[in-house]
Amino acid sequence: MHSKILILDFGSQVTQLIARRVRDAGVFSEVFPYDVSDEFVRNYGASGIILSGGPNSVTDGDTPRAPQAVFELGVPVFGICYGMQTMAEQLGGKVEMGKVREFGYAEVRARGHSALLEGISDFVTPESHAMLKVWMSHGDKVDHMPPGFKLMASTPNCPIAGMADDERRFYAVQFHPEVTHTLKGEAILSRFVIDICGCKPDWNMPDYIAEAVESIRQQVGSDEVILGLSGGVDSSVAAALIHHAIGDQLTCVFVDHGLLRLDEGKMVMEMFAQNLGVKVIHVDATAQFMGHLAGVTDPEAKRKIIGREFVEVFQVESAKLQNAKWLAQGTIYPDVIESAGKGKNAAHTIKSHHNVGGLPETLNLKLLEPLRELFKDEVRKLGVALGLPHAMVYRHPFPGPGLGVRILGEVKKEFADLLRRADAIFIEELRNTKDDNDESWYDKTSQAFAVFLPVKSVGVMGDGRTYEYVVALRAVQTQDFMTAHWAHLPHELLGRVSNRIINEVRGINRVVYDISGKPPATIEWE
Ligand SMILES: Nc1ncnc2c1ncn2[C@@H]1O[C@H](COP(=O)(O)OP(=O)(O)OP(=O)(O)O)[C@@H](O)[C@H]1O
Ligand SMILES: O=c1[nH]c(=O)c2[nH+]cn([C@@H]3O[C@H](COP(=O)(O)O)[C@@H](O)[C@H]3O)c2[nH]1
Ligand SMILES: NC(=O)CC[C@H](N)C(=O)O
Ligand SMILES: [Mg+2]
């Protein structure tokens, strides 16, 4: 058993980052909603508990509180922002509604000595005060500490910016150690989980593989498993892991809907069937998908059709197997957190359209989701540890509906063929730019692709008039795909891509670059 940290979520935008930082310290941690039961808290087996920030005010009557068991269990507790405020309130202190809101950078004086902040500082003032550079985002503040606590940190605006009860091992700060703007944030969280909670830093990939393999074998027994393989990161890593565990009991279904990237089918079959010896059924469903999409222009209608046809293919293929009892999916931890309720957002809703999650009961398969606990970058590390090539594991994500949402309006084979070639040129040129650190613009962007615009414009090529289609290039940088910046690609690079597309892809005579952020735009155009 790993030691683990329980994070209770009060609805902060950055709760996931707490789990990230704790795992960076080598300790397993999971996020649960703040309103889990006392019994859950007692039985979870946490070595320590962290209470996150949140949008509410504890000064309002009916606002979230931590289960009382949190403070009765005898394990260390760390309250962050709202977590500090509710801790103060629940243990007999007092919180008041702030007159000034404090957002962004602040310098905090570390006062007295507490096991949490001892020896951690960014600079020391001429008066020998140890100072921390932190990020704040709050309106309320703790006015009176509960009995047993001493002052651990303060700012001019917020005299009680940190409090500690070393005896009970309760700590709380008003600032956010989980964001990178708090320079010593990682050191503070690591101090809490390793030194104060006494966790061993034992969360690492080789151990994880051994455990995951064992648990997949136990779950599945001698049943067969089918998995929708897209060639994307998550399903590829899930396939490699499950294959590692149960070999030939796994059958992957790779659906070619005619809306894949150039040579994708070939690449997936070579990688999985030939190199890794995984059973992969390659279903060429181009005619089926294209047939149903003909004449349809509405983006939502297109997504629904594609989702429905995916299920249709899975249904047909699973019925052909002898003993298929499980459907494996590459669900990862952010998917789980997002669908847990509060964090609902557009990205999630959009994703759920094509996801195999909405399978009909008649399919009668149980779900196998071995990546449920992992963040994307952990999934990537796992992929590398399982022997998948770096280039596959570090690919940009590709949406299930594929080029279907990158061809605006009606999807036609002719458009998909043009777009595939333009997209391949863009990606090739991005990969060809290596800087001094051997990083290309492909590595420096989170997602990049071409979009087909079904409008024609006039051009002149070789002294002749052209009247052809437009391609838009999109490249974004993002951590979580919920918000994104457009990438400031060098002009020469954009120029090269534009020239090549117009010269090499007959049918395209104009290339534009998308400079919209998300929000207000989304990453995909449909
Ligand atoms: N062409 C396809 N054939 C079979 N299954 C697919 C296909 N496209 C998508 N899927 C299924 O839908 C799931 C969700 O797709 P999603 O794009 O979110 O993940 P991914 O493709 O595994 O990884 P990535 O985020 O890197 O693209 C996949 O894990 C896969 O099971
Ligand atoms: O598997 C998927 N099925 C979908 O239906 C889907 N729609 C969008 N995306 C991907 O989600 C991220 C955010 O996209 P948007 O900004 O366009 O909502 C981006 O990474 C998109 O590529 C999808 N992925
Ligand atoms: N970021 C937070 O947790 C904010 C807590 C509380 N809503 C406040 O404004 O003080
Ligand atoms: Mg994908």
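Visitor: By class, how many nonpolar, polar and charged residues does the shell around ligand 1 have?
Guide: The model is predicted, and in it that shell has 9 nonpolar, 8 polar and 1 charged residues. Altogether 18 residues surround ligand 1, and the closest are Gly228, Ser230, Gly232, Ser235 and Pro397. Gly counts as polar and Pro as nonpolar in this scheme.

Visitor: Which helix and which strand each supply at least two residues of the shell around ligand 1?
Guide: Helix H6 (233-246) and strand S14 (250-256) do. A UniProt annotation, "binding site", from an unreviewed entry, covers Ser230, Gly231, Gly232, Val233, Asp234, Ser235 and Ser236.

Visitor: Why is Val233 called buried?
Guide: The cut-off for buried is 20 or more other C-beta atoms within 10 Å. Val233 has 23, so it is buried. Not counting residues up to four places away in sequence, Val233 touches Val379, Arg380, Gly383, Val393, Arg395 and Pro397.

Visitor: What makes Ser236 buried?
Guide: Ser236 has 27 other C-beta atoms within 10 Å; the cut-off is 20, so Ser236 counts as buried. Ser236 touches Leu229, Gly231, Gly383, Leu388 and Met392, with residues up to four places away in sequence not counted.

Visitor: Is Arg380 buried or exposed, and how do you know?
Guide: Arg380 has 20 other C-beta atoms within 10 Å. The definition asks for 20 or more, so Arg380 is buried. Arg380 lies in helix H12 (residues 376-385) and touches Val233, Val393 and Tyr394, not counting residues up to four places away in sequence. Its C-alpha atom is separated by 32 Å from that of Ile120, 260 residues apart along the chain.

Visitor: Which residues does the UniProt annotation "active site" cover?
Guide: According to that unreviewed entry, the annotation covers Cys81, His176 and Glu178. They span 98 residues in sequence, yet no two of their C-alpha atoms are more than 11.0 Å apart, so they gather at one spot.

Visitor: Why does Glu178 count as buried?
Guide: Glu178 has 27 C-beta neighbours inside 10 Å, and 20 or more is enough. Glu178 lies in the loop between strand S12 (170-173) and helix H4 (185-196). Leaving aside neighbours within four places in sequence, Glu178 is in contact with Val14, Leu17, Ile18, Arg21, Gly185 and Leu189.

Visitor: Where does Arg169 lie, and why is Arg169 called partly exposed?
Guide: Arg169 is found in the loop between strand S11 (162-165) and S12. Arg169 has 19 C-beta neighbours inside 10 Å. Buried needs 20 or more and exposed 12 or fewer, so Arg169 is partly exposed.

Visitor: What is phi of Arg169, and what is phi of Cys81?
Guide: Phi of Arg169 is near 60°, a positive value in a residue other than glycine. Cys81, not a glycine either, has a positive phi of about 55°. Most residues other than glycine have a negative phi, and most peptide bonds are trans. The peptide bond from Lys518 to Pro519 is cis, with omega near -15°, and a cis peptide bond joins Pro519 and Pro520, with omega about 10°. Pro519 is found in the segment after strand S21 (508-513).

Visitor: How do you know where the largest nonpolar core lies relative to domain 2 and domain 3?
Guide: That core has 77 residues, and those with the most contacts inside it are Val225, Leu227, Ile242, Cys252 and Ala422. H6 gives the most to this core, with 9 residues. Domain 2 (205-393) and domain 3 (412-513) both give residues to the core, so it lies between them. Apart from it lies another core, of 64 residues, among them Phe10, Val70, Val75 and Met87.

Technical notes:
Residues numbered from 1 in each chain as written. Chains lettered and ligands numbered in written order. Predicted model: local features only at pLDDT ≥ 70, side-chain atom pairs only at ≥ 80, totals over all residues. Near = placed C-beta within 6 Å. Helix = DSSP H or I, 4+ residues; strand = E, 2+ residues; numbered from the N terminus. UniProt positions renumbered as here; feature names shortened; annotations may be inferred. Contact = placed C-beta atoms within 7 Å. Core = buried A, V, L, I, M, F, W, Y, C linked by C-beta atoms within 7 Å. Domains from an automatic or database assignment.
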